[in-house]
Amino acid sequence: MKYRTATLTAACIGSLLSAQAGSAQADCSAFFEGERFTIIVPYDAGGGYDTYARAFAPVFEDVTGATMIVSNLPAAGGQVAISRVANAKPHERTLGIFGMGVASDSEEIREDSAALTPVVGVSLERSSWLALKGQDLTELLNKKLVGGGSTLVGALPEMALSALALGADLSIVTGYKGSGAVNAALLRKEIDFDTRSISSSQKAVATGDFEIVMTLSDTPVEGVDAPAFGDLVRERSADLPQDEQDKRKLYADIVTSLAANMRTVWMGKNADPTALACVIEAAEEVAAGEAFHTAAMAMKRGVTPIPHEEAQQIFDDYIAFSKASLPVLEDIRPLFE
């Protein structure tokens, strides 16, 4: 199905578009005619984001009538790809697909988050605490808790800060290389829990040895039989002095924001308003459509479409809490060294 003729105003997508384009109308069917797009993946072919891109591209072509190719640019930990998308020229029909974390790792994006616009989110996944099957979370939180990970820096947000928000006494053991090593440490009872994405935790749960004991979300996650971190923080801090409640709420807000991984299609700051408006409209249709869902699920990748405006808010919150977390994490780091 070719892209329907749509009349869009730049004002529809908010302050990211210039005021000069506020009354400009775009005939998107004419815009897409003969256009050639590139969607850049900052990782090698075969991974999760590459899978999403290769499911997205042919559906985008069907919806718009334009051409879209997938380009893998894994150099410099993906930062070459991030910069390429952020700095694409207006005539270059360049998109990218990657998560908020890798975007915020870019110094360029940390300094100017508006260098990237989240066109549409294709999935949103949160992190979780994984422990041995049969563990009682209340008992864990009320004892001297031991968490395990690869590096201290990596463990501070989702492990250390979440424990402090819950009022738990935690020590962190680092140096484990990969989930297999952490799983083995859990089985040997060297550590009590690990933090990883819900989907990764579910793979471990499938072995029969582990269970998800908490989701690092503000409220319960549908389909996951585990309490939500935000609910637990509110419950465990309800009777504390107000200043302590405020501190724990700040910690909890940082954790729940940084523990959200939105897989996103992006465009850069130089995209002209017509191009951005039309691509957003088309990408939202792709992400919400059955064809993309079917193609992604065939490669074992779930889809949760997140419209542009919602994706923009999630990204804005992520950047804000990323910045807010820096002095907090620096302050708590000595407690776990």
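Visitor: How much space lies in the largest pocket?
Guide: This is a predicted model, in which local features need pLDDT of at least 70 and side-chain atom pairs count only at pLDDT 80 or more, while totals for chains, interfaces and linings use all residues. A pocket here is an open set of points on a 1 Å grid over the protein atoms alone, where a 1.4 Å probe fits and protein lies on both sides within 12 Å along at least five of seven lines. Points are joined across faces, edges and corners, and the volume is the space filled by probe spheres set on them. For the largest pocket, that space comes to about 1200 Å³.

Visitor: Which residues are the closest to the centre of the largest pocket?
Guide: Residues are numbered from 1 along each chain as its sequence is written, and side-chain values use heavy atoms, with hydrogens and water left out. A lining residue has an atom within 4 Å of a point. The largest pocket is lined by 45 residues, and the closest to its centre are G154, P157, E158, L258 and Y318.

Visitor: Which element gives the most to the lining of the largest pocket?
Guide: Helices (H or I, at least four residues) and strands (E, at least two) are DSSP runs, numbered from the N terminus. Among the elements that give two or more residues to this lining are α7 (152–166), α8 (178–187), β6 (116–132), β11 (260–268) and α14 (308–332). With 8 residues, the most is given by α14.

Visitor: What is the volume of the second largest pocket, then?
Guide: The second largest pocket has 20 lining residues, and L124, E125, I198, S199 and Q202 are the closest to its centre. Its volume is about 490 Å³.

Visitor: Which element gives the most to the lining of the second largest pocket?
Guide: Two elements to look at are β6 and α9 (198–205), each of which supplies at least two residues of that lining. With 5 residues, the most comes from α9.

Visitor: Let's turn to the cysteines. Is the disulfide of C28 and C278 left-handed or right-handed?
Guide: A disulfide is a pair of cysteine sulfur atoms within 2.5 Å, and by this rule the count comes to 1. The sulfur atoms of C28 and C278 lie 2.1 Å apart. The torsion about their S-S bond is about -85°, so the disulfide is left-handed.

Visitor: How many residues apart are C28 and C278?
Guide: C28 belongs to helix α1 (residues 28–32) and C278 to helix α12 (residues 273–288). The pair links distant parts of the chain, and the separation is 250 residues.

Visitor: Are C28 and C278 buried or exposed?
Guide: Buried means under 20% relative accessible area and exposed means over 50% (1.4 Å probe, protein chains only), with partly exposed in between. C28 has a relative accessibility of 0%, and C278 also has a value of 0%. By that cut-off, both C28 and C278 are therefore buried.

Visitor: What share of the residues in the protein chain is buried?
Guide: The chain has 14 helices and 11 strands, and its C-alpha atoms fill a box of roughly 65 × 45 × 35 Å along the principal axes. Of the 337 residues in the chain, the buried share is 49%.

Visitor: Which residues is S162 in contact with, leaving aside its neighbours within four places in sequence?
Guide: S162 sits in helix α7 and counts as buried, because its relative accessible area is 0%. Contact means heavy atoms within 4.5 Å. With the neighbours within four places set aside, the contacts of S162 are W129, P157, L216, F229 and V255.

Visitor: Where is K189 found?
Guide: K189 has a phi near 65°, a positive value in a residue other than glycine. K189 is exposed, because its relative accessible area is 65%. Its place is the loop between α8 and β9.

Visitor: And what is the phi of K300, roughly?
Guide: K300 is located in the loop between α13 (290–298) and α14. K300 has a relative accessible area of 74%, so this residue is exposed. Although K300 is not a glycine, its phi is positive, at about 60°.
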